[in-house]
Each structure stands twice: as structure tokens, then as C-alpha cells.
Amino acid sequence: MASYNKEAAGQHDSALTRWAERLGVSADSLDRLGATVDPQGAIVFPMQDAERNIIGHRRRLPFGQKLSIKGSKNGLFVPTGPHDYERLYIAEGPTDTAALLSMDLPAIGLPGTGQCIDSAVSFVRHRGVREVVIVSDRDDAGRLGAKKLAEALEGACSARVCEPPEPHKDLRDWLRAEPLLREHDLIEHSNEPKSSAVEIGDDWPEIIDVATDPVPAFPLDALAPVLGDYAEAVAESLQVPHDMPALLGLAIGSFALSTRVDLRPEPDWWEPCNLWVCCLMRPAERKSAVLRLMRAPLDEHQRSVNESLAEQIEKTHRQEKALRARLDRMIKKVANADDPAERYQAEAEGDRIAAELREIKVVNPVRYVADNATPEAVARLLLNNDERLLLLSAEAATLDIILGRYAAQKGIHNLDVYQHGHAGDHITIDRIGREPDIIDRPALSIALCVQPGLLDDLAREKALRDRGVLARFLWSLPTSLVGSRAVRPRPIPDEVARAYDQAVKRLLSVELQPDGTPWTLTLDAEAVAHLDLFRKDLERRLDDDLKVIEDWGGKLAGLVCRVVAVLHAYEHPHDFTHRPIGADTITRAIRIGDYATGHALTVLATMGMDRDRLLARRVAEWLRDRGEPTVTRRDIYRRLHSSVDSSEDLDGVLKILVDQGYLRLAPAEKGKPGRPSEVYDVNPRTL
């Protein structure tokens, strides 16, 4: 037994060492965090509460996916050893915590951006820490989470934020590039310590957030450089979150590949490439400006193609018009002929003209993009444009149409064209007095940037959830930059814009194979193994943390496969059809799948909230933006007047806000004229 335990311990140490090499940290740092390696090869980190009790575990799979084990609660990553120190480093995630420990710095870690902040503050207070250095990721969500933690630490200790310099996305990336990184480098890249500036009375409770957990930041480094660089440049130039240009670029790439390329992860599994993405962005987020920049290569390529086809378009339309006029004359001749021989001759001539009409291939102008098209118009555009179309819009009109608002009978949803267009199932368009039109393998791509308020409307449309329409979207709820945008940001470099333009146009130029069939992309053996491991873990999660969105989770493997095809094409625009997809590309697609999962949990869970909780969340966000220490029932009613019939309908909303610690009823003022309105004090933590 002793020799068996020794052998098992040796195998564990070897596995932990391999993980340390993969992560670029020391094996000792992982050991101090209590990390173990499970039989599936995943590294497992224990999570603790502020009193050092283990309350959960976080797994990280070999290809980078991170998830909590069933039954776990989120907690801190706390190493073994003494915890008497004046300066403490707090990182995001266990691997950045391990990076700090590898530098011999005292550190703990949070499970994710903005999570377990109360536990971290409690940990700091109980140990008398004098100064905290928060090491954030270099992205919008990381900055926001670090800001929230720094604000929460006010009054407990001084706090500063360290952000890795460009081009490093996080501390581990920085340490891997600069192995001699030391504490003074972190301090040099930190802001000045911030001490307590807001006094919060002891009688105010901690806020229980009405909103959902913070959503993950978009993994910009998972994109091919040609798209990632352009998305980053657009985001910088327009001062918008990276998510929006990145996802629009993926959707545009997916449209370019649709009907030309398929992915076959297995012999009997066919996956088209068209994606549906939806970014939920507040007003004034420059959605239209982002769309204009991202779609520019589409518009230019469409214009160029139509100019080259102009002569054929005019000629074939003229021929069709002439044939139809001749056919109409023959029909009239048959109807008016008294002589049987004359009638027979006219019928024969009419049949010959009709056959000629069926044979002629009318060339129509190419149409890549539509916005507020009805289902019937979408079907017609698919029919006339090689069975592919991109619905691209910064307005809610497209979703309004899907919601059935413009149908003859409101609330009647014609969803077939959308469902078939996503799956590639054939569509039949019946015509009165003629043969039906068949769209054999439609490919409908959708890219929308709409306001989050639309979630309320989507939540009310049960048919959209029941028929799987909402489950087909890659949802994104980016962190807004409004209020912190630079006035004179860096413009987009010409070479970066040119590279994106050329890549998109190259993908749009891909033709079918010589036999008229789409190209087939395949995975190499290592990529297949990575995908199988991901699918195995996904199957487990569908009965665990993804059970609340199992309709969406059931389509996640297909979404990852569609994304991997687009990543592969952007990576190798000139010869991607002749290359197998490698393990690195599937790993990056899975990371985007993880991002999509975090956002889907937030968005679709929001749709499942009851009405009062949805309205309470809107009020909580408004209170933060408003920044006033008091608010009246009348103020809140005015804010929600379009969603409630009267002030009395706010009882449930106000109860939630009081119970969650956002508000408390202020004493009534006596002697004021007029009908009084309830006044509420706002928790300073909200502000």
C-alpha cells in the first residue's frame, strides 16, 4: 500500500509539473493553492470563504475551459502559508494567483471578474492588511472588476490597480514574456493607492445584487490576427467594447463561407458555417458606426460584383421579359382561336416558349445584406442570392419582425424561414399557378446590435424560446464604456484596415468545387480529441450548471464548430479549404464558446426572471447612473411608466429593492403641502 501511494503521489506530482509548464508558473505555486489533477487530466483548484473553509472547486480543462464543479460555491483562491502581511496582491483567477506566488508575492485570487468581492474585503479586514494591489486583466471587464474591488476596499485599506502593459492580456502572459518580472515592475504599472473616500454608515446592509453575475470579457486573442487586430483597432477608435466588432467580424466571415463551405466533425455530422450573433448595447454606444466599418468590405465587394455582372443582368432580364410577352400573346391567341388547327399551333408555340422560360437563368444583382426584411422577403432574397443572406442591423426592426409585430395578425410568428435558414433545411415557396420554388440548402446569417431593453419583449414571447429561435443566437452583453471614453483615441492603422478588407473579400470570392458542391473542412486527430473532450464535459454540464439553458446548451457544440470554421478561414484565407483544422484553432473556438456560455446564462436567465425582478434590476442600474442619495416612489414610477399601469404596481419592485439592500424607507416629512410621495434613502454602496 505504501509503495502504491508513493507511486500515485509521483504521478500526481508529474501531472502538476506538466500543468505548471503549460501555465508558465511554478509547480510550488500550484501546490500551495491546493491544486490537484483529476483522472480526466483537468487541474482542480479549491475555493475558500473568508474563514479559509473550502466551499467549492474550479476545474480547468487542458484546452482552457474553466468551470465550477457541481454543488460548488464561488470562493477565494487562498494559498497555504502565513497570512500576516502589510501588502497583499489580489488577482483574477487561480492561474494569475499562481503567477504572483511564483514571484514570491503574497496573493489571493477571485474566481472571476467582480466576483466574491465581499469575501475578499472580509479577508483583508480580518488580517489587518494595510495595502492591496489588484492585478487586473487588460480588458474592459477586468478593469471594471478591479475598479469595483478597489471601491469596495475603501475604508478597509489603501488600494491600487496594476494593469499589465501592452501587449500582455494578463499577468501570466506578462510573466511568461518577462521571466525576471519583479514586484517593482507591478508597482511601476499601478495607479496611486486610493484610500477611503466614501463614508458608509454601519446601519446600511451589504447589497445583494439584483443583477446577474459579471459576464466574461471577449477573448480577443482567440481570433485570427487579421480579425483580432481590426476588432481591437475599431474598438479603440470608436471607444466601444471589443465584443461588438469581434462578433460582427465573426458573423460576416460566417456569411462569406455559407453555402461555399461545410464542416464535418464526424462522417455523419454536417455543420454549416452561418452564425447568429446578437450584441445587447445601450443607446449612444456607436452601434451604427461599428456596423458601418465592419461591413464596408461586404458593400464594396457587392458593388464590384454587380458592376461586373451588369451586362448579364440587363441581357437576361430583357430576354425573360420578351419571352413572357410572347407567352402572353400565345395564351390570348389560344383563348381567341376558333380554328382547332390554329389553336393547336398556338398551344405548341406556347409550350415551347414556356420551356424556354424555364431554361433561361436570369441573373439578378447580388444582394449580401438586408435589415428589416419580412420572412417572405428573406425567403425571396435567399432564392435570388445563391441561397445565402446576412441580416445585419443596429436597430430592433429585425427582431420586431421575428416577434411578429408587423404580421397581418400580430403575435403570429412565421419562424420557419429563420429556423430552416439556420439549420440549412430546404424551404419550399409555393406559387399560385406555377411550380413552387425550392431553396435547397438556405444559409441565413444574422448579426444584430440592439438595446438590452428588448430582453423584456423577448421574455414575453414564449414561442421564440419553445421553438428554439433564441437558442440559436450567440448572445453578448458587453460592458459599457459610456462615461469613460477617450476624447481623442488612436485611429485605425491603415495596414490593419487593409488586411481585414482583403481577408473578407478573399473569403467572399471562394467558389464552389468544380463539381458544384461545397468544400468540406475537417479536423485533424488532435483537434478531434479536443472536441470530444469538450463535448463530453458539455454533456455533463447540461444536467448541471447549464440545465437552466439546456435548449441553448444543446446547440453549443454546433456553435463552437461553426466558429472554428470561421477562425480557420480568417487564419488561412488563401488556402483554408485545403488545410485540416488543428487543435489550437478548436481550443480558441472553445474559449469563444465559454464566453458565449457566460453571456447566454446571463441573457437567457434574465428572460426567465419574473416581471418584478426584471423591473427591480432596471431600477438598480438607473439608481447607479443617477447617483442621487434619495429617490421617491413617484421618481421610480416615472422611470418605469411604460412598463407599469400605476404607482401601486411598484409594490413588488420596491420590496425587492428594500430586501436586497438598495433602498430603505425614509421618515415621512410632516407639514409639506400636497399629496406626499414615499421617499427612499439610497444605499451609498449603490452610488
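Helices H8 (residues 225-238) and H9 (residues 243-257) cross at roughly 140°, and their axes come within 8 Å. The model is predicted. It contains 24 helices and 21 strands.

**The H8 and H9 pair**

- The crossing of H8 past H9 is right-handed.
- On the H8 side, the residues that meet H9 are Leu-227, Ala-231, Val-234 and Ala-235.
- On the H9 side, Pro-245, Ala-246, Gly-249 and Leu-250 meet H8.
- An α-helix has 3.6 residues a turn, so residues three or four places apart point the same way.

**The H22 and H24 pair**

- Helix H22 covers residues 611-626, and helix H24 covers residues 651-659.
- The two helices pack at an angle of about 60°, and their axes are 9 Å apart.
- This angle makes H22 oblique to H24, because it falls between the limits of 35 and 65 degrees.
- H22 and H24 also make a right-handed crossing.
- H22 contributes Asp-612, Arg-613, Leu-615, Ala-616, Val-619 and Ala-620 to the contact.
- H24 contributes Gly-652, Val-653, Ile-656 and Leu-657 to the contact.

**Helix H5 and its surroundings**

- The buried residues of H5 are Asp-140, Ala-141, Gly-142, Gly-145, Ala-146, Leu-149 and Ala-150.
- Those buried residues pack against four strands: S5 (87-92), S6 (107-110), S7 (131-135) and S8 (158-162).
- They also pack against one helix, H4 (117-126).
- At the start of H5, a side-chain oxygen of Asp-139 comes to within 2.5 Å of the backbone nitrogen of Gly-142.

**Arg-380**

- Arg-380 sits in helix H12, which spans residues 375-384.
- Arg-380 has a relative accessible area of 44%, so it counts as partly exposed: the value lies between the 20% and 50% cut-offs.
- Arg-380 and Ile-429 are 49 residues apart in sequence, and their C-alpha atoms are 8.5 Å apart in space.

**The protein as a whole**

- The protein has 687 residues, and buried residues make up 50% of them.
- Take the contacts with a separation of 6 or more: residues 24 or more positions apart account for 72% of these.

Technical notes. Residues are numbered from 1 along each chain as its sequence is written. This is a predicted model: local features need pLDDT of at least 70, side-chain atom pairs count only at pLDDT 80 or more; totals for chains, interfaces and linings use all residues. Side-chain values use heavy atoms; hydrogens and water are left out. Buried means under 20% relative accessible area, exposed over 50%, partly exposed in between (1.4 Å probe, protein chains only). Contact means heavy atoms within 4.5 Å. A polar contact is a pair of N or O atoms within 3.5 Å; within protein, one must be able to donate a hydrogen and the other to accept it, and residues adjacent in sequence count only if both atoms are side-chain atoms. Axes are lines fitted to C-alpha atoms, for helices over the stretch in contact, and angles run from 0 to 180 degrees between N-to-C directions. Angles under 35 degrees count as roughly parallel, over 145 as roughly antiparallel, 65 to 115 as roughly perpendicular and the rest as oblique. A crossing is left-handed if the near helix is turned anticlockwise from the far one by less than a right angle, and right-handed if clockwise.
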